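Have a look at the two chains below before reading on.

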Amino acid sequence: MAAAEGIEVKLIGAWPSPFVLRARIALNLKGVEYEFLQEKFGEKSELLLRANPVYKKIPVLLHHGKPICESMIIVEYVDEAWPAAGRAILPADPYERALHRFWASYIDDKLNPSGAALSKTQTEEAKVEAAGQVIAGLKLLEEAFGRLSKGKGFFGGDDIGYVDIALGCFLGWLKVMEKTSGVKFIDEEKMPLLAGWAERFCAHEAVKAVMPEPERLEAFARKRAASAKAPPANQNTF
Amino acid sequence: MAEGENKGLVLLDFWVSPFGQRCRIALAEKGVEYEYREENLRDKSPLLLKSNPVHKKIPVLIHDGKPVCESLIIVQYIDEAWPDRAPLLPADSYARAQARFWADLVDKKMYESGTKLWKLKGEAQEEAKKEFIEILKLLEGELGDKKYFGGDTFGLVDIALVPFTAWFYSYEACANLSAEKEAPKLVPWVKRCRERESVSKSLPDPLKVYEFVCFLKKVYGIE
């Protein structure tokens, strides 16, 4: 449990968002109590617009009323603001930190966009090509797992760390995509390390209470697609 | 392999790259010696391809044989590997989060938006100009009356942004966009940064940058 009375922590977010999930997992790892402010779908609150005027996106962490934006920056902030609580999210060694930052960056700059591209494909041919890109990206992470985990159960080693959070937040949506596309992304035979890791990650006590069930995500996606022909204006792009 | 052959610092870079310049500035701020290696981006060296197999891009900092990739990750690595001097990030965790946010914003916006200024023409270029001016004004607002983006100390955000100032001349020549006129509060900041040896030695001559842009335009068949 985080020490110090009167610590005021709020998280502006929405339950389906993998980026919001990152912040929640980090806070859970540190045992930080926080108030979750669920945004209404399709409209952005005054608080959000004031707290994140540059991007107007969730998640936003409010610590003593001061906003921190961008999910992995929030994760790193949580790691630094509660250094004594729980386990370190980033390793101590500068080179290891650089490696973890590199792969988190890869996930955001390449892997996630390839997943978004897949979800937008219209033809079977385009879908196959896009799925191939996602799988190629995951294969790189399978290799990276070997290097970063040093034989332990997570990218962070013994426990969940920076890259685990960066990647694991997408596992729910990945399961939804597997169902809708018919493609198996994390195949136990082709990616045994990631397959084992995915199970461990989802079962982790800092994760399981906040990670939405794929069925719930699927229902959400269906409802969103049905309610708007135009691309939704809400925050849950991914 | 001879013992000690891998020891030391090597920076794989390309002279005009603002991303490479960030690393040069950070290394100079820390007063750290390194070997600068110019890459031919049309014929990338085996060392570059081995060191950055994922992106195959410069800059790459190789420290005792171990490669670090992505310019802002390299700058933070340099800061953390030499913690005893010239801190590039503030001590306070909230201030650090702000520094990372604005450095990330520069990364997300400046290069792409700036590139559009010389690559596009006509209405598309006008759109790009509007977008670029918005970014400049945003940065100007964040700087305010401070000496540097982080306050009194030169740091991550300054390092992330200042290399793009060498392209201001090119933006004016190609798109008739004067960064100085659109964001006048940035002008004293640019001057202040350029007075630092780490910056003045790392940034290219804006005229040479313009020559390079003209060369690229020929290559891309842009008038």
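What follows is a short tour of this predicted model.

Some housekeeping: residues are numbered from 1 along each chain as its sequence is written, and chains are lettered from A, with ligands numbered from 1, in the order in which they are written. Since the model is predicted, local features need pLDDT of at least 70, side-chain atom pairs count only at pLDDT 80 or more, and totals for chains, interfaces and linings use all residues, while side-chain values use heavy atoms, with hydrogens and water left out.

**The sheet in chain A**

Helices (H or I, at least four residues) and strands (E, at least two) are DSSP runs, numbered from the N terminus. Two strands pair if DSSP finds at least two bridges between them. On that basis, chain A has an open sheet of four strands in the order E2-E1-E3-E4, with mixed pairing. Strand E2 (35-38) and E4 of chain A are the edge strands, each pairing on one side only. On average, neighbouring strands are turned by 25° against each other, direction ignored. Axes here are lines fitted to C-alpha atoms, for helices over the stretch in contact, and angles run from 0 to 180 degrees between N-to-C directions.

Strand E1 (residues 9-13) of chain A pairs with E3(A) in the antiparallel sense over four bridges, and Lys10(A) stands opposite Leu62(A) in E3(A). Strand E3 (residues 60-63) of chain A also pairs with strand E4 (residues 66-69) of chain A, again antiparallel over four bridges. In E4(A), Lys66(A) is the bridge partner of His63(A). E3(A) and E4(A) make a hairpin with two residues between them, and His64(A) in the turn has a positive phi of about 50°. Helix H1 (residues 18-29) of chain A lies across E1, E2 and E3 of chain A and runs at about 160° to E1(A).

**The sheet in chain B**

In chain B, four strands form an open sheet in the order E2-E1-E3-E4, and the pairing is mixed. Strand E2 (35-38) and strand E4 (66-69) of chain B stand at the edges with a single partner strand each, so one side of each is left without a neighbour in the sheet. The twist averages 20° from one strand to the next. Strand E3 (residues 60-63) of chain B runs antiparallel to E4(B), with four bridges joining the two; Val60(B) stands opposite Cys69(B) in E4(B).

| Helix of chain B | Strands touched | Direction |
|---|---|---|
| H1 (residues 18-30) | E1 (9-13), E2 and E3 of chain B | about 155° with E1(B) |
| H3 (residues 71-81) | E3 and E4 of chain B | about 125° with E4(B) |

**Helix H9 of chain A**

The expected span of a helix is 1.5 Å times one less than its number of residues. For the 14 residues of helix H9 (residues 214-227) of chain A that should be 20 Å, and the end C-alpha atoms are 20 Å apart, which agrees. Buried means under 20% relative accessible area, exposed over 50%, partly exposed in between (1.4 Å probe, protein chains only). The buried residues of H9(A) are Pro214(A), Leu217(A), Glu218(A) and Phe220(A). They cover an arc of only 160° around the axis (taken from the directions from the helix axis to the C-beta atoms), which puts them on the same side of H9(A). These buried residues pack against helix H7 (171-181) of chain A. On the other side of H9(A), Glu215(A), Arg222(A), Lys223(A), Ala226(A) and Ser227(A) are exposed.

**Where the chains meet**

The contact takes 24 residues from chain A and 25 residues from chain B. About 2,200 Å² is buried between the two chains, with carbon and sulfur atoms giving 67% of that. Buried area is the accessible area (1.4 Å probe) that two parts lose on being put together, summed over both. In chain A, Tyr55(A), Tyr95(A) and Phe102(A) lose the most area to chain B, together 27% of what that side buries.

Leu48(B) is found in helix H2 (residues 46-51) of chain B and is buried, with a relative accessible area of 0%. Leaving out residues up to four places away in sequence, Leu48(B) touches residues including Leu12(B), Ile58(B) and Val60(B).

Leu89(B) sits in the loop between H3 and helix H4 (93-119) of chain B and counts as buried at 8% relative accessibility. Leu89(B) and Phe154(B) are 65 residues apart in sequence and 8.7 Å apart in space, C-alpha to C-alpha.

How values were computed: Contact means heavy atoms within 4.5 Å.
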